[in-house]
Amino acid sequence: MSPNVLYYHSKAVACRTHRIAKGAYGQHISHFRWDFVHAVTRTACLIFFRRCRKISTKELLINDDIKAKEVRLVGEDGQQLGIMPLNDAKEYAYSRNLDLVLMSATATPPACRAMNYGKYRFERDKREKEAKKKQQITKLKEVQLSCRIDVHDFQTRVNHAIGFLKDGNKVKAVVRFKGREMTHMELGKEVLEKFQAACAEVGAAEKGAVLEGRYMSVVISPLKASTKSGN
């Protein structure tokens, strides 16, 4: 939708809203309120038409929506039926209780296929949903440790890390050195090595411990399924 059409459409909606407001609140509607109503209505219309345009681009042109004079037709089983007038292609599809679907509008001539479009849409949407389920977004979870962490707290951190790794997330184990602990950094390194060993069944360190100021950290990535089964 062009900006001008959207402007006048939203203005018409705003006028209707303004008349309703006059009836509800009387004639004393300020110019500021009118501009506000128009601005809000225009924004709402813009969001609505953008959403409609996004949804509509997913659909293919079918049957009478196709305007080409001639098309290259592919049969329901994938057989190439050659170039023919649009009406002949429609007749071929309709005689088999199928739809004529425009698959490639940029081809010369445009390529169409005879198919059950409802079934095609159902299977396409099903594949997209399955693909989304398989997509796994990896997050980086941080676990705080210390040089003097006690056994119970350490095991609690390990249990959290194992849960994160099993969910497919990475874990960043961080040891913070306080005061004079900076002179005994080997203690922090030992804690991190112990932490890696405790998580070894489900994760492995990407590289050695890294020191940044008063923080020493290591990133543990989840093991792949084949690696787990091999162990």
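A few conventions come first. The model is predicted, so local features need pLDDT of at least 70 and side-chain atom pairs count only at pLDDT 80 or more, while totals for chains, interfaces and linings use all residues. Residues are numbered from 1 along each chain as its sequence is written, and side-chain values use heavy atoms, with hydrogens and water left out. Helices (H or I, at least four residues) and strands (E, at least two) are DSSP runs, numbered from the N terminus.

I begin with the sheet. Four strands form an open sheet in the order E2-E1-E4-E3, with mixed pairing; two strands pair if DSSP finds at least two bridges between them. Strand E2 (80-85) and strand E3 (99-104) are the edges, each pairing on one side only. From one strand to the next, the twist averages 35°. Angles here run from 0 to 180 degrees between N-to-C directions, and axes are lines fitted to C-alpha atoms, for helices over the stretch in contact.

Within this sheet, E1 and E2 run antiparallel and are joined by five bridges. Valine 74 stands opposite glutamine 80 in E2. The hairpin of E1 and E2 has five residues between the strands, and glycine 78 there takes a positive phi near 90°. By contrast, strand E1 (residues 70-74) pairs with strand E4 (residues 111-115) in the parallel sense, over three bridges. Arginine 72 has alanine 111 in E4 as its bridge partner.

Helix H3 (residues 86-95) lies across E1, E2, E3 and E4, at about 130° to E2; contact means heavy atoms within 4.5 Å. H4 lies across E3 and E4 and runs at about 50° to E3.

I turn to the cores. A nonpolar core is a set of buried Ala, Val, Leu, Ile, Met, Phe, Trp, Tyr and Cys residues joined through side-chain atoms within 4.5 Å. Buried means under 20% relative accessible area, exposed over 50%, and partly exposed in between (1.4 Å probe, protein chains only). The largest core has 19 residues, of which Leu145, Val175, Leu192 and Phe195 touch the most other members. Strand E5 (140-145), H5, E6, helix H6 (185-198) and strand E9 (215-222) each supply at least two of its residues. H5 gives the largest share, four residues. A second, separate core of 13 residues includes Ala89, Tyr92, Leu98 and Cys112.

Finally, two individual residues. Isoleucine 220, in strand E9, counts as buried because its relative accessibility is 1%. Its contacts beyond four places in sequence include Leu165, Val171 and Phe195. Isoleucine 220 and lysine 141 are 79 residues apart in sequence and 9.8 Å apart in space, C-alpha to C-alpha.

Asparagine 169 lies in the loop between helix H5 (151-166) and strand E6 (170-176). Is asparagine 169 buried or exposed? It is buried, with a relative accessible area of 9%. Its side chain reaches the backbone nitrogen of lysine 139 at 3.1 Å.

Conventions. A polar contact is a pair of N or O atoms within 3.5 Å; within protein, one must be able to donate a hydrogen and the other to accept it, and residues adjacent in sequence count only if both atoms are side-chain atoms.
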